[in-house]
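Subject: Structure handover

Hi,

Here is the structure for you to take over. My notes on the pocket and the helix packing follow below it.

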Amino acid sequence: YRTFKNDQSRGNMIKELKSDKFVQVLSNRIKAKEIKLQKYNAIIQSYPESIDAANLNELIDQIEFAKEKLIKLEPKIQNLMRFQEVMGVKLKDFGEYEIVQQGAAFTDQLFKALKAFQKVQNDLTNVPFSSVDVPEFTSEVVKLRDETQELIQSSNKKIGMLDDMYERLCKIVPYIEQLVVLSESKMHIRHWNNLFEQCGQPNSYYAQIKIDELITLGVLNEKEIVKEIASTAKGESQLETDFQAIQQRWQEVKVPIQETSTKSVENLLLGDIDRLYSDISDTQIELNQMLLYPYAQGVRDAILQFS
């Protein structure tokens, strides 16, 4: 036991003599990791001045790089914490590591939201309304609006781009119902011209019109007018489809001819045409019913001519 105590005493003496050297080495390693944390934090906290000026592909790549580096840094920081515990010193608790990680997750979510918003903005200002996938567009607007609101609430500082995106999205949301109604209405040029005229914008419609123009011209503000004309257009479209089906059916109808020993135009004999008369009568009733619909105006002349 005496030998053990002597060895322990000598060990403690050597530890005390070498302690400053070990602490210095540990301090240098901690400093190196602090510098790396500061570097990654600078990348994470670097925001472009505006949405339009942002190269989001490059920014997202930078954030992904920083996140990967932070993951690899974690076990090294844990080792440095254990070394301090073993040596009985408190040099650094690395509390900022978790803060930087949270910042990386926030910025990653922000830049990806901005990337999605650029697609929304492109559909809004550059893509003709007739070519926009309206269900996808409106769904993305609502989703981004909610995500942006959550980011604003979770941020501890004001971010201009974030506020700008939220404001722009909020300006689109009130028109979602009208956009969906118009996209489902199958409107023809006459319907669009009627809509613009009733909204106080005669001769303003053109085939490549964009969503932001519909907003700027005030067309989407007139919700009830939009619903009324869209409903008429939808009804007319269905009526046209039904009428075309009748026309197609009668193109395939053949007049019944009796079989004779000699076939020529002069001696053709009609067969039983009771069924044909019945079909004509039924079709006439069907066409008359079509003319009673309030949205029959677009096909009225064609129905009357056919009947």
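I'll start with the pocket. Thirteen residues, written 13 in my notes, line the largest pocket, and Q45, Q102, G103, F106 and N156 are the ones nearest its centre. Bear in mind that this is a predicted model. The space in the largest pocket comes to about 260 Å³. Helix α3 gives the most to the lining, with six residues. By class, the lining has eight polar, four nonpolar and one charged residues.

Next, α3 against α5. Helix α3 covers residues 95–125 and helix α5 covers residues 160–172. Their axes come within 11 Å and cross at roughly 40°. That angle makes α3 oblique to α5, and the crossing is left-handed. On the α3 side, the contact is made by F106, L110, F111, A113, L114, F117, V120, Q121 and L124. On the α5 side, M161, L162, M165, R168, L169 and I172 take part. By class, this contact has 13 nonpolar residues, one polar and one charged. Note F106: it is among the residues nearest the centre of the largest pocket, and it also belongs to the α3 contact with α5.

Now α4 and α6. Helix α4 (residues 134–154) packs with helix α6 (residues 176–183) at an angle of about 170°. Their axes are 10 Å apart. Angles over 145 degrees count as roughly antiparallel, so α4 is roughly antiparallel to α6. From α4, the contact uses V134, F137, T138, V141 and V142. These meet I176, L179, V180 and S183 of α6. The contact of α4 with α6 divides into seven nonpolar and two polar residues, with no charged ones.

Last, α9 and α10. Helix α9 spans residues 223–251, and helix α10 spans residues 274–291. They pack at an angle of about 165°, with axes 12 Å apart. The two helices are therefore roughly antiparallel to each other. Their crossing is left-handed. L239, D242, F243, I246, R249 and W250 of α9 meet a set from α10. That set is L276, D279, I280, T283, E286, L287 and M290. What classes make up the contact of α9 with α10? Eight residues are nonpolar, four are charged and one is polar.

Over to you.

Best wishes

Key:
Residues are numbered from 1 along each chain as its sequence is written. This is a predicted model: local features need pLDDT of at least 70, side-chain atom pairs count only at pLDDT 80 or more; totals for chains, interfaces and linings use all residues. Side-chain values use heavy atoms; hydrogens and water are left out. Axes are lines fitted to C-alpha atoms, for helices over the stretch in contact, and angles run from 0 to 180 degrees between N-to-C directions. Helices (H or I, at least four residues) and strands (E, at least two) are DSSP runs, numbered from the N terminus. Angles under 35 degrees count as roughly parallel, over 145 as roughly antiparallel, 65 to 115 as roughly perpendicular and the rest as oblique. A crossing is left-handed if the near helix is turned anticlockwise from the far one by less than a right angle, and right-handed if clockwise. Contact means heavy atoms within 4.5 Å. Ala, Val, Leu, Ile, Met, Phe, Trp, Tyr, Cys and Pro count as nonpolar, Asp, Glu, Lys and Arg as charged, and the others, Gly among them, as polar. On a 1 Å grid over the protein atoms alone, a cavity is a set of points where a 1.4 Å probe fits but cannot get out, and a pocket is an open set with protein on both sides within 12 Å along at least five of seven lines; lining residues have an atom within 4 Å of a point. Grid points are joined across faces, edges and corners, and a volume is the space filled by probe spheres set on the points.
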